[in-house]
Amino acid sequence: MHRAATPRGQGLGAGTLAPLSAASGLRLDAFRTEHVTDRIERALAAERLATADELVALLRRDGRARERFRRSVAVSHSGFFRDPEQFDVLEHRVLPRVLEHGSRVRAWSAGCANGLELWSLAVVLNRLGVLDGAYLLGSDLLEENLGVARAGVYDVVEIAPALRGRARWEQRDLARDEAPSVRFDLVLCRNVAIYFEPAAKTRLHRMLAGALAPSGFLMLGRSERLSDPASLGLRRVEPHVYERPR
């Protein structure tokens, strides 16, 4: 099947991006060109289409196809205690430092996907005996992900009703929207910026740093790092963890 409209690594200009962005409801220019090209090619193969124009037409008329494409681009992967070594760092080294300044933890899971990251954090806070006073916020680009998070029902686990009442969920585009007005003791934004083009990544890191309270911590994914944390007012304290000093 001929797919010359979107060859890998080239030909992905405004003539393709703008219609696909409008049809999908995603700001595709915020993502890396290679990533978007790959997701278009995957969608063409999966939907048995020949060109990006055909994909645009499909996304406009078929809500399920649109959801599949949106989830593919946004990479909505999560898991209960995904990357457990990072949760071990949170429980035994980061959160005890947060709790030195008070017992009420304000945490934001930025790009929360289906919510399992925030629910995993809630379990840790419960073990530390500080869940009742915690403020937990999960935000994601996709409303369909937030619907799953609010329901709290997964293949491997069902979140207890009492626990579900501890979290708030909101739709937020990390490539375009501002941070919440709350200043957080902990921000988790793992494996989100790796899909952004450089300017969008820089904006995101600046926004996340600005969302931290004094002595607040930012945790990135285990394959991510800040190139110049000091320029954001942060210092590295653990692999992939940065603190805003008082």
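Modeller: The accessible surface of the protein chain is about 11,600 Å², and carbon and sulfur atoms hold 47% of that. Please keep in mind that this is a predicted model. Buried residues make up 52% of the 246 residues, and the C-alpha atoms fill a box of roughly 60 × 40 × 30 Å along the principal axes. Nine helices and seven strands form the secondary structure.

Now for the close look, at Ser 109. This residue sits in strand 1, which covers residues 106–110. Ser 109 has a relative accessible area of 0%, so it counts as buried, the cut-off being under 20%. Its side chain makes a polar contact of 2.6 Å with the side chain of Glu 117. Leaving out residues up to four places away in sequence, Ser 109 touches Glu 117, Leu 118, Leu 137, Gly 138, Ser 139 and Leu 188.

As for the nonpolar cores, the largest has 48 residues, and Leu 55, Trp 108, Leu 174, Leu 204 and Leu 208 touch the most other members. Helix 9 (residues 198–210) gives the most to this core, with five residues. Apart from it lies another core of 32 residues, including Val 105, Ala 107, Val 130 and Trp 169. Back in the largest core, Leu 55 touches Leu 20, Ile 40, Ala 43, Leu 44, Leu 49 and Phe 69, again not counting residues up to four places away in sequence.

Methods:
Residues are numbered from 1 along each chain as its sequence is written. This is a predicted model: local features need pLDDT of at least 70, side-chain atom pairs count only at pLDDT 80 or more; totals for chains, interfaces and linings use all residues. Side-chain values use heavy atoms; hydrogens and water are left out. A nonpolar core is a set of buried Ala, Val, Leu, Ile, Met, Phe, Trp, Tyr and Cys residues joined through side-chain atoms within 4.5 Å. Buried means under 20% relative accessible area, exposed over 50%, partly exposed in between (1.4 Å probe, protein chains only). Helices (H or I, at least four residues) and strands (E, at least two) are DSSP runs, numbered from the N terminus. Contact means heavy atoms within 4.5 Å. A polar contact is a pair of N or O atoms within 3.5 Å; within protein, one must be able to donate a hydrogen and the other to accept it, and residues adjacent in sequence count only if both atoms are side-chain atoms. Accessible areas come from the Shrake-Rupley method with a 1.4 Å probe; for residues, only the protein chains shown count as cover.
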